[in-house]
Amino acid sequence: MKLYEHEGKQLLKSVGVPVPDGRVIGNMAELGAAEGPVVVKAQALAGKRGKAGLISLCRDQAEAEAAVKRVLGAEHQGEKIVKVLLEQGLRIKEEHYACITYDTLTRSPLLIFCLQGGMDIEEVKAQNPGKVLTQPIDLNFGLQPWQVRQTLNQAGVSGMKLIKLAEFITRMWACFQKYDCRTVEVNPLVETEEGDLFACDAKVVLDEDALYRHQDLEFPPRSPGRKQTEKELQAKEIDKNDHRGSVGSTYIDLPGDIGILASGGGASIVIMDAMLEAGGKPANFTEYSGNPPGEKVEKLTKIVMDKPDLNGCWVVGGTANFTDIYVTLIDGFLKGLRQIKPKPDYPIVIRRGGPRDEEAFKALREAAAKEGWDFHIYGRETSMTSTAKILIDLVNVYKKKKGLK
Amino acid sequence: MAILVTEKTVACVQGITGKEGSKAAKQMRDYGTKVVAGVTPGKGGELVEGIPVYDTMEQARREHPQINATSIYVPPAGVKDAAFEAIANGVSLVHIFSEKVPIMDAAALYHFARLKGARVVGPSSIGILSPGKGKMGSIGGSNPAETFQKGHVGVISKSGGMVRELSWLLMKAGLGNTTAIGMGGDIIAGSTYTDYMELFEKDPETKAVVIFGEHGGTYEQQAAQMLKAKRFTKPLIALVAGKFAGTLPGSVQLGHAGAIIEGKWGTTESKIEELKNAGAHIAKIPDDISDLVKKFA
């Protein structure tokens with residue numbers, strides 16, 4: 001879960017990382033007196049706010065008012081700005097870069113430091129890789145102060161500044177550990193004319209799988225890039241307080257006309273690739289796995305299929321190892337399907353394998369005969385990806401029959 | 001031969017008294033694995049499927065000194081503790097089935113295993129299966145023989161469903177596995193493609209290796225680099241999924257925790273490109289696998 005700048009700074013501040021004095025406002029009335037110099041910073045999850053003109057240094061009240069007015073309600077990469085951070089302006093002497101994040105090469109948290117901050121670290125790295133210093137953190141020992149000093153020294157820092165920066169970075173590591181962060185990035189890490197250090201920006205990403213250890217942290221739901229749809233929020237609710245299997249934890253609404261109920265983290269992306277290749281237009285992406293109970297799949301089925309303009313549906317997965325196919329398809333999918341109004345008459349292609357698959361297929365065939373569903377059922381003998389084309393052909397016939405183009 | 005799970009494997013199941021844990025213990029034994037003990041703190045003295053349950057790993061090992069492998073089926077919050085207990089007590093192969101393990105815990109137990117010379121498979125791993133020898137975990141469910149048979153192909157997959165699907169495609173074409181492994185799709189994996197490739201390289205029975213990868217992370221790139229550096233010399237057949245993810249705006253995680261594209265890192269296209277340049281044989285869809293493997297195995 002990516003945090004807004006002001007939220008990230010709250011966490012940094014709680015472990016003693018110095019951040020500039022500031023406050024968050026949500027409307028013009030809250031602005032009040034804003035004596036300059038003040039920095040007006042639109043709160044958005046996407047990066048490159050500076051380039052988009054969403055951060056401005058204001059000398060007086062009039063400038064601050066104008067800046068807040070300009071950014072409140074504005075859009076940044078699809079996200080509407082609803083909060084603005086007002087911060088004390090600093091007399092900046094130097095800007096550095098510091099980050100702790102997971103690295104898959106060393107399978108460790110990695111400290112990254114660069115003397116040159118305030119700009120895109122990827123660009124600096126591309127031009128001058130030697131300037132970006134790294135130190136993997138062995139969790140048997142944690143980040144040792146000498147490792148931080150060594151990294152800073154290699155970057156060219158010395159004297160009292162080395163001591164001060166080492167202290168700053170050690171506190172960033174404390175934040176990373178304390179809150180189970182995936183990333184703690186401070187860019188720029190500012191040194192003022194007075195010689196003080198401040199985190200002038202903060203990109204903090206929390207590990208969602210560790211949130212149970214941090215019940216005291218309360219951050220509203222968010223989706224980088226855009227506001228979540230009603231269905232996306234509903235789907236997220238399914239897994240809440242029910243750890244049996246994983247259902248709908250990823251659900252994304254898409255503009256197409258084919259409902260997707262995929263199974264398995266890997267298979268679900270294989271089948272989306274196949275759908276793309278075959279030219280089908282998915283109405284959503286979602287996935288369930290880990291032998292979930294029927295009622296969870298039933299809920300997800302209703303979210304996927306309760307859409308007015310569907311012309312087909314694909315219930316698809318690989319050959320399951322331990323997911324009960326009867327439970328997920330009959331107590332889950334079929335039960336959910338029966339509640340959709342108006343009753344879907346479009347083709348539904350089902351491809352699945354695994355425990356109790358034959359039993360499930362028999363029950364589906366019986367339901368189709370009795371209740372008039374247009375099921376097309378395939379077991380593991382038919383390859384998963386080939387059913388994409390089977391479905392798209394059926395959808396095209398259906399659309400023609402309906403006079404749709 | 002096979003890797004990791006062989007005739008010499010003597011297994012324990014941590015969390016054997018839970019629903020999935022007890023099922024797995026039974027399946028493992030039914031498939032020929034020696035499952036001699038279970039560990040669930042507080043439930044020592046019970047029997048699950050006739051298998052004795054102990055309160056601690058130390059006690060289990062005292063009664064059954066031959067235990068050399070464990071499968072962990074405990075809730076995510078207890079995984080790190082269970083894995084540390086196993087490693088500290090000298091268990092050399094630690095398979096973790098549990099999903100949604102905090103990243104910090106996964107990294108910590110990987111580092112501890114490295115320190116102690118143990119091997120971790122997972123978290124979020126469906127298991128390890130060597131046809132004719134046995135299995136650790138839920139891989140293949142209660143009827144592995146439906147989709148796995150003995151042969152000369154090693155399979156390594158981030159996805160548990162796909163390891164079964166790919167092995168099934170091989171079986172349909174008359175091919176089979178030495179060992180099939182679900183490595184898990186988390187950001188930090190206890191063992192990655194290159195760790196397993198090193199073992200397959202040394203296994204005389206394995207003639208080719210199939211890997212299933214996804215967008216996100218760098219493990220596929222590392223496999224490509226190993227191949228390029230000729231530290232792996234057998235044919236490598238790769239299927240990397242996730243093109244669709246690249247068409248979505250922003251950094252959206254699809255399916256597995258590690259399947260997330262951040263910036264330019266970890267796109268499916270870049271992984272395929274690197275693997276191809278390193279000399280891997282690329283499958284576009286699962287159905288391509290058997291034709292690509294046939295020439296070698």
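Two strands count as paired if DSSP finds at least two bridges between them. The model is predicted. The predictor gives the complex an ipTM of 0.93 and a pTM of 0.93. Chain B has a mean pLDDT of 94, and 95% of its residues reach 70 or more.

**Exercise 1. The sheet of chain A**

Work out the strand order of the open 6-stranded sheet in chain A, and find its edges.

*Solution.* 
- Step 1. Read the order: E13-E15-E14-E16-E17-E18 in chain A. The pairing is mixed.
- Step 2. Look at the ends. Strand E13 (246–253) and strand E18 (375–378) of chain A each have a single partner strand, so one side of each lacks a neighbour in the sheet.
- Step 3. Neighbouring strands are turned by 15° against each other on average, direction ignored.
- Step 4. Check one pair. Strand E14 (residues 258–263) and strand E15 (residues 284–289) of chain A run parallel and are joined by 2 bridges. In this pair, A:Ala262 stands opposite A:Glu287 of E15(A).
- Step 5. See what packs on the sheet. H5(B) touches E14 and strand E16 (312–319) of chain A. The direction of H5(B) makes about 80° with that of E16(A).

**Exercise 2. The sheet of chain B**

*Solution.* 
- Step 1. Strand E13 (residues 236–241) of chain B pairs with E14(B) in the parallel sense, over 2 bridges. Here B:Ile237 stands opposite B:His281.

**Exercise 3. Two helix pairs in chain A**

Classify the crossing of H4(A) with H5(A), and that of H7(A) with H11(A).

*Solution.* 
- Step 1. Take helix H4 (residues 145–155) and helix H5 (residues 159–178) of chain A. Their axes come within 9 Å and cross at roughly 125°.
- Step 2. Angles over 145 degrees count as roughly antiparallel, and 65 to 115 as roughly perpendicular. H4(A) and H5(A) are therefore oblique to each other. Their crossing is right-handed.
- Step 3. List the contact. Residues of H4(A), including A:Val148 and A:Leu152, meet residues of H5(A), including A:Leu165 and A:Ile169. By class, there are 7 nonpolar, 2 polar and 1 charged residues.
- Step 4. Turn to H7(A) and helix H11 (residues 386–401) of chain A. Their axes come within 9 Å and cross at roughly 50°. That makes H7(A) oblique to H11(A). This crossing is right-handed.
- Step 5. A:Ile271, A:Ala274, A:Met275 and A:Ala278 of H7(A) meet A:Ala388, A:Lys389 and A:Ile392 of H11(A). The contact has 6 nonpolar, no polar and 1 charged residues.

**Exercise 4. The interface**

Describe the side of chain B that touches chain A.

*Solution.* 
- Step 1. Count: 57 residues of chain B are in contact with 49 residues of chain A.
- Step 2. Find the elements. Helix H4 (103–116), helix H5 (160–172), strand E12 (208–214) and helix H8 (243–246) of chain B each supply at least two residues. H4(B) gives the most, with 8 residues.
- Step 3. Sort by class: 28 nonpolar, 20 polar and 9 charged.

Technical notes: Residues numbered from 1 in each chain as written. Chains lettered and ligands numbered in written order. Predicted model: local features only at pLDDT ≥ 70, side-chain atom pairs only at ≥ 80, totals over all residues. Contact = placed C-beta atoms within 7 Å. Helix = DSSP H or I, 4+ residues; strand = E, 2+ residues; numbered from the N terminus. Nonpolar A, V, L, I, M, F, W, Y, C, P; charged D, E, K, R; others polar. pLDDT = per-residue confidence, 0-100. Axes fitted to C-alpha atoms, helices over the stretch in contact; angles between N-to-C directions. Parallel < 35°, antiparallel > 145°, perpendicular 65-115°, else oblique. Left-handed = near helix turned anticlockwise from the far one by under 90°.
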